[in-house]
Each structure stands twice: as structure tokens, then as C-alpha cells.
Amino acid sequence: MTKKIFLAAAMAASYLIALPAAADGDYRAKAIAVLKKDFQPRGQASLDRLAEDGLQAVCNRTGNKPPEYMVKQLEADQLADVKYPADGKLMGDWKSGEKLAQSGRGFTWSDDPGLPVGGNCYNCHQISPKETSFGTIGPTLYQFLKLRGTQPDIQKYVYSKIYNSKAYNACSDMPRFGHIGALKEQQIKDLVALLLDPESPVNK
Amino acid sequence: MNTTRRTVLKSATASGVLAGLIAAGALRPTQVLAAEWNKAAFDAHDMPGALKGIGAGATADSKDLILRLPDIAENGAVVPVDVVSTIPNTSSIWILVEKNPSPLSASFDFANGALPEVSARLKMGQTSMVKAVAKADGKFYTAQKEVKVTVGGCGG
Amino acid sequence: MADPMKIRAQLKGDVAEVRVLMAHPMETGQRKDAAGNTVPPHFIQSMTVDVGGKKVVDGHVGTSVSRNPVFGFKVKGAKVGDKVVVSWVDNKGDKRTDEGAVA
Amino acid sequence: MKPSLVGALCAVAVMGAAFAQTPRKTVAKPAPQSPPVAEAKDAATLEFEKFRAEMEDSNPAELFEMKGAEQWKTKRGPKNVALAESCDLGQGVGKVEGAYVRMPRYFADADAVMDAERRIVWCMVEKQGFKFDDIAKRPFANETFTPDITNLVTYVAGKSRNMKIDVPLKEPKVREAYEIGKEIAAYRAGPYDFSCNTCHGTDGKRIRMQNLPNLSTAKGAMSGVQGWPGYRMTGGVMLTHQWRMGDCFRQQRFPQPKYASDAIAYLLTYMIGNANGQVYKGPGIKR
């Protein structure tokens, strides 16, 4: 651990200690106590899901706007968590990616934990022009190759973004699909292809 | 008119006498009300069969038969429909959904001052043509409109 | 026993707008329950509407009318206070008659 | 996931761990994209709205309202008492008019902030002698079953038709419930890092074709209030706010909130409180 990181952690700690009293009163603590008291496990949704991990804790305490020095560190840490394919290939099959993007299932108390988890992509993004029922929580991904394809390391960026969205936006609304084990390596490759394969309807 | 029948029906509902009669086969439920439920028409599995069942061999499209339906159904389980006939002497109206497993949805006979119009709510399993048929002076008239269904209404 | 209907009849000019809500599952016979068993058909087949002691509508219904059906009719020549009586019978012989009045 | 539920110190410990990782070379971050187009109402939504008034005017919810009215008046339960002669919804015993739009509120007899459904359940338990666990076992309607509580809530809601929402936020206990509810709405956790606000904290967003109200605004909060309890066209079932909140948590990938609990009452205080001053149109119809 470098001295700089240690300093950042120490600053974050003092920031967090200072924050709840200043901004939240004790309502936040009370809210957490209420959640703990008033929820019950059901299906695969166990009570440990109510606990924050480190990143959630920071986002929750800062209204999803951590100070800049923390953002850099958080994003770097999340990026460090991304595991890239051993074969170095980041593009899979866009057709499989499209199917995966359509499925919104997975992780709810009513989902069968034995069944594969969907990508949930169309819930929030416009992707293929053929699918007109799309959400708008995230940006449109239509014409992705044309709009973004010239960026350096674009495949690596897309793979990493799907694997762990927080590597690029510490408090992003988007889930960390690889980090939590929701999507496997091949599935993420297929989604990369959906966005970057010139044959994908996204780029037609 | 059947004030008597209604009284019988009401008191029977309270006492359960009628249920006994039905169970004994003395009085079939459909006979309590006037006309028979047209089994052949309601059980038909396609539009020609249903039209044949209601006796509508030859039909003609009429702009005086107004069918009001959404272009896109918000939910196929509940599709609002209004049918209004301005064809003189319209005595009956039928509503049919072409792609439903049994296309005939409902039929209505009007009398004693009832205007030949009806509103109802339909189930639609998929995008389909909806057809209204009106009968006036023994002739059959039709109107139709396609309704797009994105969420089907027959699977529950 | 079947739940009561809700009947509303409003006079506009000399036309009564009659609206009926019926409590009925209107099972198509195609739906599967949570256990995967097919739910048998159970639907209203016939209905009548009487206004002021005269039968005005004689209706027949199939499985593709929505659950908890809603029907609207218009009756010319009705007066405030006229009794509105609606009856239905379903494919199992269950039935229901309810009354309202033109307002 | 480490349990760090209460207090800042815990979180700092977790934070320390998060920061202890070695930084890696950052991949270039592409420029931000142009915003999505779909803010304007699409043709489908406009088409639905054309038929909305008609659907609302003849809403099967009235059937449940009617049944609830009957059950409100009828002597029921082990104590054989009618709610009409025993239950105070905040406007006096048995008084139903305007009660729904003035809840959640604080009830001293229960020492709790209660939304309408929670309060009626409390009356059923305390006044009529029903067992809470029996009610909580099957609290929501499905295709073959509608619980009495759903009918009762629908009836009570219908008695506030065309009245203004007036949650008494000036009462300290209600105010506190509101503030806690606001924190619950902002709390991100679970496998997807979702909070209520992930979907309901910004204007003009939607999931697939479903518009998402921003519950922090008066207008958005009202669209979270309007139409509940609602007759759901899918399945033809009558569902309440308690159900709606629970189903949001399901989709948030959270565990299940307990029926008629503080958590739901506080969240409802926040949402309905934000809708104060706007006119409630009674039980509605939902897709």
C-alpha cells in the first residue's frame, strides 16, 4: 500500500465519521435499524443482502457523490477486481448477447436460483433498433460502434464496464454483473459482441 | 314480459330451490334466461365457423357500424370495446376476436327501447382483427379493426 | 355464492346509460395455476337486462370476455326510478340477480 | 458481503479494506454519450390514455369497494364486533370519510405511525380479535383469492375520493417516519446495488415501457399514490400499496419486507407525504 492510498483511506474515514451527524441526523442509522428489524428472508433473497459493502457504504453516505479523491480510488479498486478472459479474446457471439440482453430475470426472491441470470440490459438501455420496448435509466447503446468504436481499448472498456460498472463511475446505477457473479465470462463476451460486432443489429 | 320469471329467479336464489331443479335436470340453466347459449357459434375455433354458427353467411362491411377499440392494447387481458350501430332496425350485435381460440366473444339482442350499442372488455391472446357484426332486417353487416397486443391476456 | 353485481343507471335526456360490473373469474379453461394444473373453464354464458319491467337486452358471453366483466348499454324511454334488474348464469349453473334503479 | 449495518465506524472498517487493494492501470474512459431520446410520450402511451377515463369510469375495483363496505359494517371476528363501531382511522371511531388521504399518521393507542392498511389490520386484531399472523399469512390477492383486508382498504380508500392528500407531517412522530422513509428510499444494497431511488429518484425515466415516477417530487409521488389500491388487469386482482411496496423490494433484489411493518409505513409516509395537497381520485386501475 502506498502512502498516498493510506492517506486517502484515512481522509475517507474522517469524512465518513463527520458526515452522518452533519447531514443525516440519525435518520440513516434508524432507517438501517428498521430495515434490519422489518425484513425477512425469502427464496434466495437472504437478509445479508441488506448489508452494505464498502462501495455501497460510500455511495450511500455521500448521496452517490463521493469527493473526487475518493472517486478515483474507488474506481481504481473496482477496476482491479475485473478478471479478463485467459485467452485474451473479449468478443463473443452477438446473437447470444441479444438473447441475454432481453432477459430481466435473476436474483429476486421469486427467481429460481438454479436458472441462469439475464443481462437485464433492455430494462434500462436502448440497444438493437428491433426492440422498441426499452428502458431509459441508462444511455442509449444504439450505434455503439459508430459513436464509441474509435476510443482506444474499446473492447476492454466494454468488457470491464459490464463486469464492474463502478470501475468507471463509482456510484453508477448499473449493477456489477461480473463482480457479483451474475454473468459469466462467456456471457460478458457475448454482450461485448452485441455492442461492438459490426454484424450486430446495434451497428446496422 | 317476465316479471314472474324474475320473481321466481330471485326467490329461488335465496332459497336454493332453483339449484335443486337444475341439479335434477328439470330446468337447464340457460332456459332460465330467454334464448339458448349458441354452443356451435361459441365453440367454433375459427372466424368462418363462428360466423356460420351465428347464421351470418353473407355479410357486408358498413360504415354505419362503428367499432371503437384501441390501436394498441395496454393489456390484452382487458381490451375496452364499444360497438354502435346506426343501421335502422338493428336487432342484434356480435363481437368476435379472430385470433382467439374461440373467436366469438359475445352476442346481444336488443328490445324494448335498448339502443343497438354495447360496451364491453375483451381478452385478447395476441394481435388480432376484432370484428363486430350487426343484424338488421335479416341482413348482416360488419366492421373490423386490428388491435395490437404486446402483453397477452389469456395466459393469466 | 357469487358476489353481488354493481349496477349504475344514469338518465341523460330520455336515454338511460346502464353500466354493470359483475364479479366473476371468467376462466377460459386454458390458464394454468401455480401448481401447473389447468384451471377448468368457468364463465358467464348468459345475461339479461330488464328496465322498467321490460327485457331490453338478452346477452350471451364466451370465454374471451374479461375477468370481472363490465358491460354498458343504453335504453331509450326510461324514467328516473325505473327498476333495473340484471341476471346472469354461468356454465356451472351458478347465477346471480341484482337490482338497481335509474337515477 | 460484510455485515456493516449500523454506524459509520463499521463502514470505515469496510472502507479501509476496499482501499487496501493495489491500484491498476486505468483503461481510458470514453466520452459521455448523448442522452436518450425517449422522454416524449410515445404513441402507445397516448393510445392507452385515450381509453383511461373509460377504464377508470367502469373499474372492477368498485366490486371490491362494495364488498369492503359490507365487511366494514358487519360484526366479525372472535369478538364479534364491527369495524364501523370500533375502529378509529384517525377521524373518530367508525368515521371513514377522508381517513385514507390523512394517513399515514401517528396513532397513540398503537404507539406507531400507520398507513391505512396497517391501521385496519391493527383494528381487526385489537378490536375484532383476529390473529395478526393469520392475516399476514395471505395478505395479498391472487387469481383465486382476495383477502378481506384488501376489500376493506379499497372501501376506505374509496371514501377519500376527490379529496386532497393531507399526511400530518407537522406531527413530530410522522415527521420522523418521513425522514426515516426518505433514508430507506435512498439505501443502496443487495447484489445489484439498487435503492428505491435508482429507479424512482430521477424524472422522465422508464424500465422497458413502464414510466417510473420520481418519488422525491410532488408530481412523481402523486403518481405513486394515484390509482392505489388498484385493480390490476393482469390476472384481474385487486392490490394495495402494501403489495406495491413489497414488489418493488422484490425487484430491488432485497429480501421481503414484513407485512404491515414500520419499514413500509415509513416509506409510505415519505411517498404519500410528498404528494400532500394533491387530489386523490380513489381506487384505480393498473396495467
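A residue is buried if 20 or more other C-beta atoms lie within 10 Å of its own, exposed if 12 or fewer, and partly exposed in between, with C-beta atoms placed from the backbone. The views below come from a predicted model, where local features need pLDDT of at least 70, side-chain atom pairs count only at pLDDT 80 or more, and totals for chains, interfaces and linings use all residues. Residues are numbered from 1 along each chain as its sequence is written, while chains are lettered from A and ligands numbered from 1 in the order in which they are written.

**View 1. A:Asp153 has a positive phi.** The phi of A:Asp153 is near 55°, and this residue is not glycine. Where does A:Asp153 lie? Look in the loop between helix H7 (144–148) and helix H8 (154–163) of chain A. Helices (H or I, at least four residues) and strands (E, at least two) are DSSP runs, numbered from the N terminus. A:Asp153 has 13 other C-beta atoms within 10 Å, so it counts as partly exposed.

**View 2. D:Asp111 also sits in a loop.** This loop of chain D runs between S1 and strand S2 (112–114). Phi of D:Asp111 is near 45°, a positive value in a residue other than glycine. Is D:Asp111 buried or exposed? D:Asp111 is exposed, because 8 other C-beta atoms lie within 10 Å.

**View 3. Cis peptide bonds in chain D.** One cis bond runs from D:Met103 to D:Pro104, with omega near 0°. D:Pro104 belongs to the loop between helix H3 (61–73) and strand S1 (105–107) of chain D. Another cis bond joins D:Trp228 and D:Pro229, and its omega is about -5°. D:Pro229 is in strand S6 (residues 227–232) of chain D.

**View 4. Helix H3 of chain D packs against helix H6 (residues 148–158) of chain D.** Two packed helices are described by the angle between their axes and the distance between the axes. Axes are lines fitted to C-alpha atoms, for helices over the stretch in contact, and angles run from 0 to 180 degrees between N-to-C directions. Here the angle is about 100°, and the axes of H3(D) and H6(D) are 7 Å apart. H3(D) is therefore roughly perpendicular to H6(D) (65 to 115 degrees; under 35 is roughly parallel, over 145 roughly antiparallel, the rest oblique). Residues in contact have C-beta atoms, placed from the backbone, within 7 Å. H3(D) contributes residues including D:Phe64, D:Lys67 and D:Trp72. H6(D) contributes residues including D:Asp148, D:Leu152 and D:Tyr155. The contact divides into six nonpolar, six polar and three charged residues. Ala, Val, Leu, Ile, Met, Phe, Trp, Tyr, Cys and Pro count as nonpolar, Asp, Glu, Lys and Arg as charged, and the others, Gly among them, as polar.

**View 5. Chain D touches chain B.** 13 residues of chain D are in contact with nine residues of chain B. The chain D side has five nonpolar, three polar and five charged residues. Chain B itself holds five helices and nine strands.

How values were computed. Contact = placed C-beta atoms within 7 Å.
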